[in-house]
Amino acid sequence: MQQTIQLKLLPSEAADDTTLREYIARATARREEEITGYHLLKRSIDARGRQPYILLSIKAFIGEPFPEQAPVTISFPDVSKAHRQVLIIGAGPAGLFAALRLIENGIRPVLLERGKDVRARRRDLAALNKDGVINPESNYCFGEGGAGTYSDGKLYTRSNKRGDINRILHLLVQFGADTTILVDAHPHIGTNKLPQIIQAMRQQIVDSGGIFLFEKKVVDFILHDAIIRQVKTADGETFDGDAVILATGHSARDIFHLLHDKKILVQAKPFALGVRIEHPQQLIDTIQYRTPSPFLPPAAYSLVEQVDHRGVFSFCMCPGGIIAPAATAEGELVVNGWSPSRRNNPYANSGIVVSVEEKDMAAFRDKGPLAGLAFQQSVEQKAFTAGGGRFVAPAQRMADFVAGRTSPDLPSCSYLPGLHSVPLKQVLPRTIFEDLRGGFKAFGEKMKGYFTNEAVIVATESRTSSPVRIPRDPDSLCHPQVANLYPCGEGAGYAGGIVSAAMDGERVADRVSQATF
């Protein structure tokens with residue numbers, strides 16, 4: 001027989017198979033020798049009390065042969081001679097999963113990626129981190145896998161109405177992710193492991209007859225009768241297909257400008273802007289767990305507060321992580337965070353951001369729907385100047401930030417290009433700065449010890465999401481003005497993170513497959 005049980009164990013107990021089997025036997029009222037095996041269904045941490053516990057959902061097999069869990073695999077047909085061909089612009093999570101789904105549906109995808117493959121991209125990231133030299137087409141945002149390749153690999157999403165989360169997780173396992181992502185409440189792959197998974201996905205697309213092209217920056221759409229007939233790239237090549245899936249990510253500002261210039265409707269969209277804060281990981285572990293244990297992972301946190309009727313919240317929290325330069329152009333400074341799979345760096349970082357309102361962008365009203373884009377860019381330019389160049393970031397100790405003091409020195413930090421002590425009041429818009437001050441005070445009340453001068457604030461975290469939405473029909477998912485243009489993913493304003501972008505890519509691919517042109 002089989003029985004599903006719930007267990008609440010100490011971390012050391014959950015980590016020991018012998019002890020775990022003892023608890024399974026007790027919970028099922030059976031002898032230990034009757035338990036032939038078990039499948040772990042879900043795992044989470046309850047750290048609300050003085051002692052953290054591991055919560056497990058387990059399917060126990062009692063008195064019957066124990067079946068090993070067979071991996072769920074999806075087969076992909078050969079579409080090299082398919083009658084239909086669809087262009088996908090951007091090879092981030094939305095574009096990659098859209099391509100795989102098109103192949104399942106018997107359609108040949110052609111992926112046009114402005115950046116380089118993962119291996120070549122690494123060299124450009126090294127030049128950015130060590131020498132302060134940026135390649136505007138190959139960086140933390142552009143290149144194979146998009147921003148998702150170096151976005152930490154967090155797979156948690158609340159977007160369960162947008163698609164099948166488990167299907168996305170199983171596909172990631174099929175391409176090389178660890179099976180733990182199928183059971184952990186907050187699954188995580190790690191930036192060190194994502195590149196190999198992305199490469200395996202690309203290989204599957206190519207093996208199935210899809211076309212995958214790098215360094216193909218799209219610069220024009222050639223339209224006739226409200227249909228995109230061809231897509232033109234910077235090297236002068238043109239490509240055609242039945243439809244165009246636009247999955248260019250939140251940082252492809254040139255695409256927003258191209259659409260706007262061609263009178264293709266785009267809209268302003270809410271977004272958030274702020275800073276990235278870094279604490280010693282050991283401090284966060286002590287705050288969150290109270291009783292740290294070698295059997296517990298580095299602790300995370302999630303914080304939100306209303307300050308002056310505006311939301312201040314943590315974003316993309318990275319335990320055991322690293323702060324990285326995520327700009328896409330010279331003269332602009334953007335920071336983001338990521339963690340390796342083991343989350344074993346000595347720092348914990350998180351974006352702390354403030355909701356941006358229309359009044360914040362008053363100086364850019366003449367930009368119309370691109371006002372948020374111009375506002376975002378202006379803050380990034382000010383941060384770059386304040387840092388002194390070469391992507392050195394302006395920074396301030398946390399208590400000094402709130403008190404309005406200049407930090408005479410700065411703590412050690414994971415940000416490789418380096419920090420420069422600057423009063424961030426000079427960098428951030430006044431309302432953003434003031435709301436962050438109020439937010440940090442409130443967070444210090446919620447997490448005793450969080451508010452400390454051991455923490456360093458680094459500016460600026462400005463690309464939490466796209467400030468522009470590319471509209472689409474809620475049923476067909478195509479643009480209301482262009483019959484074969486399908487805005488998709490985070491850059492179009494319909495996703496936030498790897499899993500939600502992947503689900504949106506699949507959803508759009510299914511609509512494209514059903515459409516006739």
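**Helix packing and backbone features in a predicted protein chain**

Helix α4 buries Val118, Ala120, Arg121, Asp124, Leu125, Leu128 and Asn129, where buried means under 20% relative accessible area, exposed means over 50%, and partly exposed covers what lies in between (1.4 Å probe, protein chains only). Helices (H or I, at least four residues) and strands (E, at least two) are DSSP runs here, numbered from the N terminus. The model is a predicted one, so local features need pLDDT of at least 70 and side-chain atom pairs count only at pLDDT 80 or more, while totals for chains, interfaces and linings use all residues. Residues are numbered from 1 along each chain as its sequence is written, and side-chain values use heavy atoms, with hydrogens and water left out.

Back to α4, then. The cover over its buried residues includes α6 (194-207) and β15 (322-325), with contact meaning heavy atoms within 4.5 Å. The helix runs over residues 118-131, and at 1.5 Å a residue its 14 residues should span 20 Å, which agrees with the 20 Å between its end C-alpha atoms. The expected span of a helix is 1.5 Å times one less than its number of residues.

Just past the end of α2 comes Ala29, with a positive phi of about 55°.

Zooming out, the protein chain has 13 helices and 22 strands. Its radius of gyration is 24 Å, close to the 24 Å from the globule rule for 517 residues, so the chain is as compact as a globular protein of that length. That radius is taken over C-alpha atoms, and the rule is 2.2 Å times the number of residues to the power 0.38. Along the principal axes, the C-alpha atoms fill a box of roughly 75 × 65 × 40 Å. Of the 517 residues, 55% are buried. Among contacts between residues at least 6 apart in sequence, 72% join residues at least 24 apart.

As for the surface, the accessible area of the protein chain is about 21600 Å², and carbon and sulfur atoms account for 49% of it. Areas come from the Shrake-Rupley method with a 1.4 Å probe; for residues, only the protein chains shown count as cover. The side chains include 59 positive and 56 negative ones, and the centres of the two sets lie 3 Å apart. Lys and Arg count as positive and Asp and Glu as negative, leaving out His and the chain ends. Each charge is placed at NZ of Lys, CZ of Arg, CG of Asp or CD of Glu.

Some backbone details are worth a look. Most residues other than glycine have a negative phi, and most peptide bonds are trans. Glu215, which is not a glycine, has a positive phi of about 55°. This residue is in the loop between β6 (211-213) and β7 (218-224), and Glu215 is exposed, at 53% relative accessible area. Asp308 also has a positive phi, near 50°. Asp308 belongs to the loop between β13 (304-307) and β14 (310-318), and its relative accessible area of 62% makes it exposed. A cis peptide bond, with omega about 5°, links Ala459 to Thr460, and Thr460 is part of strand β20 (residues 456-461).

Thr460 turns up again in helix α9. Val379 is found in this helix and is buried, at 4% relative accessible area. Beyond neighbours within four places in sequence, Val379 is in contact with Leu273, Val427, Pro429 and Thr460. Thr385 sits in α9 too, which covers residues 371-387, but Thr385 counts as exposed at 63% relative accessibility.

Pro369 lies in the loop between β17 and α9. Setting aside neighbours within four places in sequence, Pro369 is in contact with His260, Val266, Gln267, Ala268 and Val468. Asn344 lies in the loop between β16 (335-338) and β17 (347-355), and this residue is partly exposed, with a relative accessible area of 47%.
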